[in-house]
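Student: I would like to learn how to read the features of a model like this one. Could we go through it together, one feature at a time?

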Amino acid sequence: MREVHVIHHPLVQHKLTLMRDKSRSTRGFRQLMNEIGMLLCYEVTRDLPLENVQIETPLRTTMAPQIAGKKLVFAPILRAGVGFLDGMLDLVPSARIAHLGIYRDPATLQAVEYYFKGPDDLADRTIIVLDPMLATANSATAAVDRLRERGAKDLRFVCLLAAPEGVKRFHSAHPDVPIWTAAIDERLDEHGYIVPGLGDAGDRMFGTK
Ligand code: PRP
Ligand code: URA
């Protein structure tokens with residue numbers, strides 16, 4: 001309960017520093033998000049259960065491990081969560097995708113939901129919710145609420161940066177959903193931005209500001 005995994009791997013930390021730099025280009029920012037997505041995918045799937053299956057090598061029959069259970073679901077919160085997707089799909093190409101359309105109202109900081117499309121059998125799958133930023137946690141909390149309403153039970157949350165306030169709020173609503181993040185920053189500012197942070201992840205990734 002209330003698990004938080006901070007990924008201290010040097011490649012993750014180095015790439016995060018490059019992303020924080022305000023002079024990073026849109027193209028560079030997007031590329032780094034993709035690369036960190038792959039590295040975080042490796043960490044979040046580290047304990048997936050295995051089962052032994054019988055296979056034929058060129059020399060003989062043997063038992064060998066494969067991931068047990070149904071395929072994973074990646075659930076990116078639009079827009080910025082999409083930035084992790086290609087890197088993660090490079091590692092787990094057969095994963096299913098659930099798109100969650102949620103944005104944060106800039107005045108109230110409340111989550112506004114506008115879209116959901118995902119597989120029907122969420123109850124039988126491990127679902128990995130993706131969003132680079134966990135700020136107030138209003139968006140992440142709403143995302144997990146919606147997935148749970150549709151039957152999801154086994155959930156994990158992956159982000160790049162979290163605010164201490166967001167971690168607390170998310171785990172007060174969903175204590176059984178572990179978090180993987182590259183860093184927990186100092187705090188939120190008066191506009192709900194993570195500081196020192198990296199700015200608006202969606203705008204930086206898609207070049208909209
Ligand atoms: C950003 C970010 C998260 C949310 C985090 O999205 O990608 O979804 O804010 O903030 P919270 O924890 O306070 O909810 P934004 O609302 O800017 O939407 P966008 O990705 O469509 O730009
Ligand atoms: N959303 C972002 O993209 N960045 C923040 O710092 C907070 C919310």
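Student: What does the side chain of Arg-125 make a polar contact with?

Tutor: A polar contact is a pair of N or O atoms within 3.5 Å; within protein, one must be able to donate a hydrogen and the other to accept it, and residues adjacent in sequence count only if both atoms are side-chain atoms. Here the side chain of Arg-125 meets the side chain of Asp-121 at 2.9 Å. A polar atom of the Arg-125 side chain also lies 2.9 Å from the backbone oxygen of Lys-71. Keep in mind that this is a predicted model, where local features need pLDDT of at least 70 and side-chain atom pairs count only at pLDDT 80 or more, while totals for chains, interfaces and linings use all residues. Side-chain values use heavy atoms, with hydrogens and water left out; residues are numbered from 1 along each chain as its sequence is written, and chains are lettered from A and ligands numbered from 1 in the order in which they are written.

Student: Is Arg-125 buried or exposed?

Tutor: Buried means under 20% relative accessible area, exposed over 50%, and partly exposed in between (1.4 Å probe, protein chains only). Arg-125 has a relative accessible area of 8%, so it is buried. It sits in the loop between β7 (111-117) and β8. Helices (H or I, at least four residues) and strands (E, at least two) are DSSP runs, numbered from the N terminus. Contact means heavy atoms within 4.5 Å; leaving out residues up to four places away in sequence, Arg-125 touches Lys-70, Lys-71, Val-73, Arg-96, Pro-119 and Asp-154.

Student: Which strands does β10 pair with?

Tutor: Strands of a sheet pair through backbone hydrogen bonds, either parallel or antiparallel. Two strands count as paired if DSSP finds at least two bridges between them. β10 pairs in the parallel sense with β8 (residues 126-130) over five bridges, and with β12 (residues 179-181), again in the parallel sense, over two bridges. Phe-157 in β10 is the bridge partner of Val-129, and Val-158 stands opposite Trp-180 in β12. Four of the five residues of β10 (residues 154-158) are buried, so this strand is largely enclosed by the rest of the structure.

Student: Which residues touch the most other members of the largest nonpolar core?

Tutor: In soluble globular proteins, nonpolar side chains tend to be buried together. A nonpolar core is a set of buried Ala, Val, Leu, Ile, Met, Phe, Trp, Tyr and Cys residues joined through side-chain atoms within 4.5 Å. The largest one here has 36 residues, and Phe-74, Val-158, Leu-160 and Leu-198 touch the most other members. Helix α2 gives the most to this core, with seven residues. Apart from this core lies another, of 26 residues, including Leu-155 and Ile-179.

Student: How far apart are the end C-alpha atoms of α2?

Tutor: The expected span of a helix is 1.5 Å times one less than its number of residues. The 19 residues of α2 should span 27 Å, and its end C-alpha atoms are 26 Å apart, which agrees.

Student: Which residues surround ligand 2?

Tutor: The cut-off here is a heavy atom of the residue within 4 Å of the molecule. Around ligand 2 are Arg-104, Met-133, Ala-135, Gly-192, Tyr-193, Ile-194, Gly-199, Asp-200 and Ala-201. A nitrogen atom of ligand 2 is 2.8 Å from a polar backbone atom of Gly-199. An oxygen atom of ligand 2 lies 2.9 Å from a backbone N or O atom of Ile-194.
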